[in-house]
Amino acid sequence: RMQEGPIIAKCSGPTHALNWPWFYQDGAPCHYDLNVRQLLNAIFPEKWIARCGPIAWPPRSPDLSPLDYFLWGYVKTVVYLSKPQSLDELRARIMNAIHEITQQQLENVFNELENWIERCITKDGSNFEEQI
């Protein structure tokens with residue numbers, strides 16, 4: 001079941017060249033299940049990127065994921081400004097960091113995603129980190 005979290009709720013900004021919303025995921029075995037693919041076809045017809053999806057996920061390309069190039073680094077930076085004193089404090093800091101992400105930050109991330117995808121296409125799907 002897909003869940004709407006704080007980030008999905010904020011992603012209702014202006015339409016971008018990628019014709020928001022698109023859905024994408026990696027090639028993890030649980031994401032490849034026929035039931036998952038049928039659900040994605042129903043919710044995002046022709047607008048999802050994954051293993052055996054209408055748009056194939058470029059192999060070994062985690063750099064196309066905002067979770068990899070923005071969210072985890074941002075949350076880690078905010079959470080560890082000082083060392084959390086307990087597991088509960090760590091959890092609270094993670095939730096606060098995510099809830100404090102602004103609409104403008106998300107728009108910037110998805111604008112940058114377009115640039116990353118263009119770089120990936122230019123490099124024919126191969127590594128392009130040296131261009132960053």
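These notebook entries record what I looked up in a predicted model of one protein.

**Entry 1: ground rules**

I number residues from 1 along each chain as its sequence is written, and I take side-chain values from heavy atoms, with hydrogens and water left out. Because the model is predicted, local features need a pLDDT of at least 70 and side-chain atom pairs count only at pLDDT 80 or more, while totals for chains, interfaces and linings use all residues.

**Entry 2: confidence**

I began with pLDDT, the predictor's confidence in each residue, from 0 to 100. The protein averages 75, and 71% of the residues score at least 70. Where is confidence lowest, and where is it highest? The lowest mean, 43, belongs to helix α1 (residues 6-10), and the highest, 95, belongs to α5. Over residues 1-18 the pLDDT is below 50. Beyond near neighbours in sequence, that stretch has 33 contacts in the model, a contact being heavy atoms within 4.5 Å.

**Entry 3: overall layout**

The protein has six helices and two strands, in the order α-β-α-α-β-α-α-α along the sequence.

The accessible surface, from the Shrake-Rupley method with a 1.4 Å probe and, for residues, only the protein chains shown as cover, comes to about 8,900 Å². Carbon and sulfur atoms hold 57% of that surface. I call a residue buried under 20% relative accessible area, exposed over 50%, and partly exposed in between (1.4 Å probe, protein chains only). By this rule, 27% of the 132 residues are buried. Among contacts between residues at least 6 apart in sequence, 58% join residues at least 24 apart.

**Entry 4: the largest nonpolar core**

A nonpolar core is a set of buried Ala, Val, Leu, Ile, Met, Phe, Trp, Tyr and Cys residues joined through side-chain atoms within 4.5 Å. Which residues make up the largest one? I found nine: F70, L71, V75, V79, A97, I98, I101, L106 and V109. The largest share, four residues, comes from α4.

I looked at V75 in more detail. V75 lies in helix α4 and counts as buried because its relative accessibility is 7%. Leaving aside residues up to four places away in sequence, V75 touches I94, A97 and I98. V75 and I98 are 23 residues apart in sequence, yet their C-alpha atoms are 6.9 Å apart in space.

**Entry 5: salt bridges**

I searched the whole structure for salt bridges, meaning a side-chain nitrogen of Lys or Arg within 4 Å of a carboxyl oxygen of Asp or Glu. How many are there? The search finds two.

- D88 pairs with R91 at 3.6 Å, N to O. Both residues lie in helix α5, three residues apart, about one turn of the helix. D88 counts as exposed, since its relative accessibility is 56%; R91, at 48%, counts as partly exposed.
- R93 pairs with E89 at 2.5 Å, N to O. These two also lie in helix α5, four residues apart, about one turn of the helix. E89 counts as partly exposed at 26% relative accessibility.

**Entry 6: two loop residues**

P84 is found in the loop between α4 and α5. Is P84 buried or exposed? P84 is buried, because its relative accessible area is 13%. Residues up to four places away in sequence aside, P84 touches V79, E89, L90 and R93. Among these neighbours, E89 and R93 form a salt bridge with each other, and V79 belongs to the largest nonpolar core.

E46 sits in the loop between α3 (34-43) and β2 (48-49). Most residues other than glycine have a negative phi. E46 is not a glycine, but its phi is positive, about 60°. E46 is exposed, with a relative accessible area of 58%.

**Entry 7: the UniProt record**

An unreviewed UniProt entry places the feature "coiled-coil region" at residues 87-119; UniProt positions are given in the numbering used here, feature names are shortened, and annotations may be inferred rather than shown by experiment. In the model, this span is 91% helix and 0% strand, and its end C-alpha atoms lie 39 Å apart.
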